[in-house]
Each structure stands twice: as C-alpha cells, then as structure tokens.
Amino acid sequence: MTVQIVLVIVTAVQVNSQELCPSVCQCNGDNATCTDLFSDVTNMTQEAFHSVVRGLTVFGSTRLEMEEDLFLRWNITSLTTLDLSQNNITKIWQRAFYSLAYLQNLDLSGNSITTLDSQTFSYNTGLIYLYLAKNSITDIHPETFQNNVKLRDLDLSGNKIVSTHQYTFYRNVNLVWLDLGRNSINYIHPSTFANDSKLSDLNLAGNKITSIAPETFSVNLELQWLNLNDNNITDIHPSTFQTNSKLTGLHISGNKLTSIKPGTFDNNRELRWLNLEGNSISEVHRSTFRNNSRL
C-alpha cells in the first residue's frame with residue numbers, strides 16, 4: 001500500500017500598511033497621521049480607511065463648519081483619540097463630533113475658534129481629556145460640558161474668556177485638572193467649582209480677577225495646586241483656604257496684596273511652595289506661618 005504525502009506550502013503575504021490609508025495619510029496599526037484630511041469638504045476623494053482607526057492626528061487645515069459628519073463619511077467613528085491642534089479651525093458645526101461616541105481624548109488647541117455651541121461635545125459622553133488652549137474663545141455656554149461627566153483634564157488657557165458661569169463645570173464631577181490661565185476673567189462666581197470635589201490642580205493665573213470670595217474653594221478638599229499669579233487681587237480673606245488641607249503649592253505673585261492676615265494659612269499644614277512676590281505687602285504678622293512647618 002502506497003501512501004502519498006502532499007506538502008502544502010502556505011505563503012504569508014504582508015499587507016502594506018499604506019494600502020489601508022488614504023493617500024494623504026500614514027497608518028501605523030490603529031493610528032493614522034494625515035495632512036489636510038478635512039481641508040476641502042466639497043472636493044473630498046472617495047478614498048477610505050480600510051482598517052479600524054483609534055487614533056487620528058491631522059496636520060494642515062481642517063474645516064468643521066460644514067453641516068456634515070466628516071468622520072462618518074471617512075468611516076472612522078471608532079476614534080478614541082483625535083488631535084486637530086493647529087489646524088486653522090475657526091468655527092465648529094454643533095454636530096461635527098456627533099458620531100464619535102468612543103472619543104476620550106480631543107485636542108483642539110492652537111486654532112482660531114471664537115465660539116463653541118452648547119451642543120458641540122454633547123454626544124462625546126466618554127470624553128476624558130479636552131484641550132482648547134490658545135484659541136480666541138470669549139465665552140463658554142453653561143451647558144457646553146454638561147454631558148461630559150467623565151471629563152478629567154480640561155485646558156481653556158490662552159483664550160479671551162471674560163467670566164465663568166456658576167454652572168459651567170457643575171456636571172464635571174470627575175474633573176481633576178483645570179487650566180483657565182491667560183484669559184481675561186475678571187470675576188469668578190463663588191459657586192463655579194462647587195461641584196468639582198475631585199479638583200486637585202487649578203490654574204487661574206494671568207487674568208484680571210480683583211477678588212476671591214471666601215467660599216470659592218470651600219468644597220475642593222482635594223486641591224493641591226492653586227495658581228492665582230498675575231491678577232489684580234487686593235485682599236485674601238483669612239478663611240479662603242481653610243478647607244484646603246491638602247494644598248501643597250499656592251501661587252499669588254504679581255497681585256496687589258498689601259498685607260497677609262493672621263490665620264490665612266493655618267489649615268494648610270501640607271503647604272510646601274508659597275509665592276507672594278510682586279505684591280505691595282508691607283506687613284506680615286508674626287503668626288502668619290505658624291502652622292506651616294513644611295513650607
């Protein structure tokens with residue numbers, strides 16, 4: 001009896017990752033980097049992504065003002081990270097990110113955005129990191145972040161915001177890091193951070209704030225770093241930081257303080273860095289730092 005053995009040779013064909021991408025993109029696994037992907041909506045090609053894309057970085061120009069879901073058209077609705085920084089964006093259609101239900105990290109910094117519709121991020125309920133720094137935003141609607149309950153880091157620095165509404169961050173109960181520095185804020189409502197109990201790092205430097213209500217940070221028990229540098233603050237009430245027992249860094253330089261009242265830092269026993277330079281302080285009571293042995 002003769003037994004025939006048939007040898008089957010299987011040749012693995014390596015697929016060029018570039019074949020999975022439009023011609024203006026480079027793909028690496030589930031990440032893509034593209035140039036001018038959304039620059040001309042009317043003349044968009046019929047090219048498509050042929051694999052699942054989780055992370056997308058776009059360089060060049062992006063037009064998001066057109067009333068069309070561009071991410072749905074490109075079939076890249078599984079994005080978790082989207083970088084559209086420095087893309088010359090001036091306006092965003094209110095439903096521009098409608099199909100990005102899995103989005104966690106969104107970078108829109110370094111553009112020329114002046115306004116945000118109250119519904120811009122309403123559909124991105126999984127958003128954790130949002131960067132809007134270095135734009136020209138003048139006002140934040142109180143409902144803009146109401147559906148972003150998972151938001152942890154929010155950067156609004158370097159804009160033209162004049163004031164904060166008391167309910168702007170009310171639903172952001174998981175907010176840990178908030179940067180409002182280098183705006184034109186002249187007033188902070190005492191309840192602005194009243195629902196942000198996890199807030200640990202807050203930057204309000206480089207604004208036009210003249211006063212801070214004593215209860216402003218009263219519920220922020222996790223606050224560790226607070227920057228109030230370069231404002232127009234003339235007085236600090238002794239009870240302003242009394243509940244912030246975890247505060248390790250406090251910066252109030254470049255303001256208009258003339259004195260520090262006794263008891264101001266009594267409950268801040270973890271305080272290690274305190275910057276009061278560039279004020280007009282002429283009197284410091286002998287008991288001012290009596291409880292700050294770690295300073």
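Asp230 is found in the loop that runs between strand S12 and strand S13 (249–251). Strands here are DSSP runs of E with at least two residues, helices are runs of H or I with at least four residues, and both are numbered from the N terminus. The model is a predicted one, in which local features need pLDDT of at least 70, side-chain atom pairs count only at pLDDT 80 or more, and totals for chains, interfaces and linings use all residues. Residues are numbered from 1 along each chain as its sequence is written, and side-chain values use heavy atoms, with hydrogens and water left out.

Asp230 has a positive phi of about 55 degrees although it is not a glycine. Its relative accessible area is 47%, so Asp230 is partly exposed. Gln86 sits in the loop between strand S4 (81–83) and strand S5 (105–107). With 60% relative accessibility, Gln86 counts as exposed.

The protein chain contains one helix and 16 strands. Its radius of gyration is 25 Å, well over the 19 Å that the globule rule gives for 295 residues, so the chain is more spread out than a compact globule. This radius is taken over C-alpha atoms, and the globule rule is 2.2 Å times the number of residues to the power 0.38. Along the principal axes, the C-alpha atoms fill a box of roughly 105 × 55 × 30 Å. Of the 295 residues, 43% count as buried.

An open sheet is formed by 12 strands, with mixed pairing, in the order S1-S2-S3-S4-S5-S6-S7-S9-S11-S12-S13-S15. Its edge strands are S1 (25–28) and S15 (273–275), each of which pairs on one side only. From one strand to the next, the twist averages 5 degrees. Two strands pair if DSSP finds at least two bridges between them.

Cys25 has Cys34 in S2 as its bridge partner. S1 and S2 form a hairpin with two residues between them, and Gly29 in the turn has a positive phi of about 65 degrees. In a regular strand the side chains alternate between the two faces of the sheet. In S1, Cys25 and Cys27 make up the covered face, while Gln26 and Asn28 make up the uncovered one.

Elsewhere in the sheet, strand S11 (residues 201–203) and strand S12 (residues 225–227) run parallel and are joined by three bridges. Leu202 has Leu226 in S12 as its bridge partner. Asn203 also lies in S11. Asn203 has a relative accessible area of 15%, so it is buried. The C-alpha atoms of Asn203 and Asp179 are separated by 4.7 Å, although these residues are 24 residues apart along the chain.

The count comes to one cavity of 30 Å³ or more. A cavity is a set of points, on a 1 Å grid over the protein atoms alone, where a 1.4 Å probe fits but cannot get out; lining residues have an atom within 4 Å of a point. About 30 Å³ of space lies in the largest cavity. Its lining consists of Ile140, Leu156, Ile161, Ser163, Thr164, Thr168, Phe169 and Leu180. By class, this lining has five nonpolar, three polar and no charged residues.

Conventions:
1 Å grid on protein atoms, 1.4 Å probe; cavity = no way out; pocket = protein on both sides within 12 Å on 5 of 7 lines; lining within 4 Å. Points joined across faces, edges and corners; volume = space filled by probe spheres on them. Nonpolar A, V, L, I, M, F, W, Y, C, P; charged D, E, K, R; others polar. Axes fitted to C-alpha atoms, helices over the stretch in contact; angles between N-to-C directions. Buried < 20%, exposed > 50% of the residue type's maximum accessible area, 1.4 Å probe, protein only.
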